[in-house]
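Work through the exercises below with the model open. Each task is followed by its solution.

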Amino acid sequence: MRTALGRRTRSTLTAAAACVLLASCSGVPTTGPVVPGDGGDVTSDPYGGYVRLLPAGPQPGVTPEGLVNGFLKDMGSFEENHKAARSYMLPGLEESWSPDGSVQIFRDLDTVDLDPEISPDGLTATVSLRSSLVATIDQSGKYAPNDDEGLFEATFQLARENGDPDGEWRIQDMPDELILSELDVERTHRPFNLYYFNPEGTALVPDPVYLPVSNSELAERLLTKLMDGPSDWLGPAVRSAFPEDAETDLEVDNESAAVDVDTEGEDPDTVEMGAQVAWTLRQIPDIQEFTLRVDGTEVDFPGTEGESEDRPRPGDDFWAGVSPSATTSSSRAYYSHDGQLWSAGDWENENFDDVERVAGPLGAGDVPIETFALSMDESTVAGITLGGGQVVTSFVSPGAEYETVLDEGVFTEVSWDVNGHLWVVEETEQPESDEDEADRSRNEQPTIDGEAQPPEPGDSALWLLRGGDEVVRVGLPELRDRSLVDFQISRDGTRAAAITEIDGERSLEVGRVVADGDQVAVGGFIPLASELEDIIDVSWRSGDQLAILGSREGGTSQAFLVPVDGGSPPASTGSSLPGMVAISGAPGQPLIAGADDGSIWVSNDRLNWQSAVEGVAPTFPG
């Protein structure tokens, strides 16, 4: 979805008619964004950019400090099971050292302080490492940036070879985790998605993990991670079709993979299991087919393409029904013009003549609205009335009537997920308690220079309307100390993107949705794109990528694509549009942007922005 234009331009819908007719509206450059095809759901070259490190190995006569320094340089070599790193170790540790998959990431060697202490007999030494911690990768592969760059410490125990006072120094004991520089991680690791189901089983959810790509075992690593279950962060929000205690065996060759699962008497959904395997494997172009055996029996997938029904292809359209995009390539884009809602679908036609008014009372403008969203199946419109006092819905069909689903509030944002659930943000004057909830102020926030101020920290409530009508209060315990400027539910319904603000500083965060019976909460917020500032709008372009409006330090506002893996930097989409105030995207669709002069622009290639239609609040379903 994309609600209207965010708080910055909540009044735009009502003023659009005056603006769009002005002949003097400022021009827009035609150089535009580089837009990847599907927001990162499929990796074209998993080994792209990998550069093999040529390790120097331990040097003769090196000091304890120099040995650890060289070890840190060569730890970025993954060839032959870290052969280079093991050459710095004594034989016992060389054979037993088994990295646990976690990574501590420092900025570079210039930021590392090594403090050696040699024993009186000169046979052993301790080297203490201290450095700022940029980020971590946990054992599940989850990348977590460390914005405050706190102190990282590690200890290396060294000894002379063979206990000889003239022997070379080697590492005797050290942490099981890898310790890599930012550059090493950028060179050796790539983000990949594991796929798990949302609780309803209506869409797959990408679980981004960082894995090394230095050898040919990538498919096995991905499948092993998949069978191990989702990351600790995403786990509470998703489910896997693979039983938790199942025993698995993998066989992977150049073009195929075989997954053997012993369920120990359970009765899993084998089609769901196949979908998880297929979407995970399609990131490895070399794998052309796979076999799934459950309790010794090969599973058939009727209707799939491939050599046979038990040899499906990972990229087969058979798996599209639970696509992580949770939408289709035929989805239309929606916008408002002259108080009515319109849709457009033919973005390849430079005349954009596939435009039609949205049917129903909200489409016709019978009820003036300032913010709206289309359900994922494009059958229902949800809108917030002028002034924010009500949330209304109506079917997109002639003769339909509208229904008020929430009232007596100051509502600001609406978005839909694939399950037909509507998510609504409400501003409240102060943090609510059981005693004062009935006395909440209904007044809108004051404005400065036409831009609505964000609510005070804790002054936002989140509502979930299951099926569009059953109202559930959603907990936001982690946002009590900061203002909620914008909120967008992911189309799969398991995560939420939020723009928050503390003391005038805005941040982009993503949280997970956790449901426990009738209790629903959004939490576990992690920061994204911390190098960006003045963020004013956000939308989900795909299951693993956001489209936002923001700026780099000292720069002008422009559109960025932000992966949700936590480690990949935001990618600029090219030159900014003057007055850009809204951004929306969807898998397989162009980016669409709304400008404050009442024009809508589209980028459907890697070079150009093109004027599409007059209107405001462009949005795709969701």
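**Exercise 1: a covered helix**

The cover over the buried residues of α7 includes β8 (189-197), β9 (204-212), α6 (218-228), β11 (256-262) and β12 (289-294). This is a predicted model: local features need pLDDT of at least 70, side-chain atom pairs count only at pLDDT 80 or more, and totals for chains, interfaces and linings use all residues. Residues are numbered from 1 along each chain as its sequence is written, and side-chain values use heavy atoms, with hydrogens and water left out.

Task: Why does the span of helix α7 (residues 270-281) agree with expectation?

Solution: 
- Take the rule: 1.5 Å times one less than the number of residues.
- For the twelve residues of α7 this gives 16 Å, and the end C-alpha atoms are 16 Å apart, so the two agree.
- Helices here are DSSP runs (H or I, at least four residues); strands are E runs of at least two.

Solution: 
- Ten of the twelve are buried.
- Among them are E272, M273, W279 and L281.

**Exercise 2: a loop glycine**

Task: Is G493 buried or exposed (over 50%)?

Solution: 
- Locate G493: the loop between β27 (483-489) and β28 (495-502).
- Its relative accessibility is 13%, so G493 counts as buried.
- List the contacts (heavy atoms within 4.5 Å): G493 touches D417, W423 and V513, leaving out residues up to four places away in sequence.
- Check P199: 294 residues from G493 in sequence, 9.1 Å in space, C-alpha to C-alpha.

Definitions and conventions
Buried means under 20% relative accessible area, exposed over 50%, partly exposed in between (1.4 Å probe, protein chains only).
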